[in-house]
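Let's take a look at how the inside of this protein is packed. The model comes first, then a few notes on it.

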Amino acid sequence: MSKYLDTLKQYWGYESFRGIQEDIITSIGEGKDTLGLMPTGGGKSICFQVPTLANGGLCLVVTPLISLMEDQVSALRMRGIKAATVHAGIMHDDIVRTLDNCILGDYRFLYISPERLESDLFQAKIPYMRHLTMICVDEAHCVSQWGYDFRPAYLHIARLRHLIPYPVPILALTATATPKVVEDIQTQLEFKEKNVFSMSFERKNLVYVVRQTMNKADEMIHILKSVPQGSAIVYVRSRKLTSELRQLIESHGITAENYHAGLSQAERDLRQTNWTKGRAHVMVATNAFGMGIDKPDVRLVIHYNLPDSLEAYFQEAGRAGRDGSTSYAILLYNPRDSQTLHRRIGENYPDPKFIRQTYENLCYFYQYDIGEGAGRVRQFSLERFCSAYKQFAVQTDAALKLLNNAGYLEYTTDNDFKSRLRFILEKEELYRLHEGGKEMETLIQTILRSYTGVFSDFTYIDEMQLSHLTGIHADQIYDMLKELNDRRIIDFIPRSNEPTIMFNIGRVEGSQIMLPPMVYSTRKEEYKKRIEEMLTYASSTTRCRSRMLLNYFGERSEEECEQCDVCLRRKKKGLTPQQFEEIRKSICQLLADGEWHEIKELNQLLINRDNMDQVLRALMGEEEVESRLHEIRITGKS
């Protein structure tokens, strides 16, 4: 283990590992297929980065989040570690160059999106990557059809094992997985033997609260003013609401930013920095915010709208209190939320006729005839498409994702196309230019010194790096590049995060579109179950919040947290969690045979009548017991 500790200290400056990091690193270092369950903030990246650096070779990291890829690659490069990415936002020639460098052994980490694993180019190159020593599957719950964010492209990861001419272990990592998903991950990735390391899902410093309110805006402001220390995140469902709530919060004298996927990359970076540096107390965001965020002093996470699943809720709530100090995860709930959540079923799984019509409209949008379109990456404006074909954006986005999962196309919304340029004028003509002033000349000379091939083809550039090298503000550099483009000195394509669509196969007739059960009907039923679990959590008034979450993830706990809203309310009624649990066990033992019993039989337990009634009401509310006239029995849900 000493070499792993040495590597940890050399690159990260830490003296010891946290939680189960050491167990996972030892296991994968011994060549064993390994699954690590590590709640948000558990330090997943250390588990594959340390053994790769300590043992040598190349680690292939499969992850669905392009923005997270870029962040991790940047962080590795800052430590002097060679790393690269392959995803839809990178030009073909650059992908070829990157893969060839991996074959030559120039890189230690290659981050790749699951969709790119299926490309002919990648599958042709990977058998020659003789330095490959590990495959790491991040967000591994995506590989299971029972996982809350199943992605069919993940099913092809196991095929890599048959393309590589020697055994390569797989490390699968996820923050959220039920027992059923844990089993399925290992099966789908073809683990040679079951091998799971799991951290407890319990967060003792995190106080879970559900606030039932008919006025969420006022309740949110009250909560934010009640917890002024540290930072806060408010999660909402819509982009529009991020802006509206930010304005409301600031009108009450609290600094805030808002964040969603529709902002430019530069704007997202700026707003995230303002929040991270403490210049804004609150971040109002959609679920696009949070992956890779490791701010230790988040004291409060408020869910203004209910998430679709307990997995999503647990992961987002877990961004609070990473420094171990007491923090709060508060869910705002009112009865109308039930209707809203059930409406999402139709929004996320629209009628198959609508899905097929969306496919037909998309073909008209790009003017593809039958058999055309395969392999072409096209930028896509959801707003323009919906306007042209009179479709609702939410259902259309869902239809495209389902077509993606069915294999007909690749719909990528997490793009990060870097800025690129090429010079139109020859180098000799550039030297004769004296227009634009000293700063323009400095920028041109810096580009020529920093990048090769800028006269022959488009080359990726980094405005922030150019700003650092020239001392010119990044916004000013952008304006200067636009001016050079307008003057036809360069061709400049600015950085973009616009979605893209690529047809995997040529256009087919809409009537031929097939939606397999694992893409549509089975997934729809699983989605319904998750929504019911979410609503049960939100509406419960008798069960400890922490225990509900732990039980959902297969972790049995007999202890009450004694700090959630349910436990505190029970304390106020004069019944301690221990007393409540003792009475509950006594009742369940008496009714253990599942038969109907006369209620008067409970008298033999010699329990105070008021306390007995309080526990019985709670058990009935949670459907652990049921009653009929003068009779009672256990339901089997206890």
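Buried here means under 20% relative accessible area with a 1.4 Å probe and protein chains only (exposed is over 50%, partly exposed in between). Helices are DSSP runs of H or I with at least four residues, strands are E runs of at least two, and both are numbered from the N terminus. This is a predicted model, where local features need pLDDT of at least 70 and side-chain atom pairs count only at pLDDT 80 or more, while totals for chains, interfaces and linings use all residues. Residues are numbered from 1 along each chain as its sequence is written, and side-chain values use heavy atoms, without hydrogens and water.

Helix α12 (residues 310–317) is mostly covered, with eight of its eight residues buried. Even E311, Q315 and E316 are among them.

| Element | Residues |
|---|---|
| β8 | 206–212 |
| β9 | 231–235 |
| β12 | 298–303 |
| β13 | 327–333 |
| α22 | 545–552 |

Now the cores. A nonpolar core is a set of buried Ala, Val, Leu, Ile, Met, Phe, Trp, Tyr and Cys residues joined through side-chain atoms within 4.5 Å. The largest has 60 residues, and Y208, F289, L362 and Y537 have the most contacts inside it. Helix α21 (residues 521–539) gives the most to this core, six residues. Leaving out residues up to four places away in sequence, Y537 touches Y208, V210, L310, Y313, L331, R545, M548 and L549. Another core, of 38 residues, lies apart from it and includes V137, C142, V182 and L189.

Key. Contact = heavy atoms within 4.5 Å.
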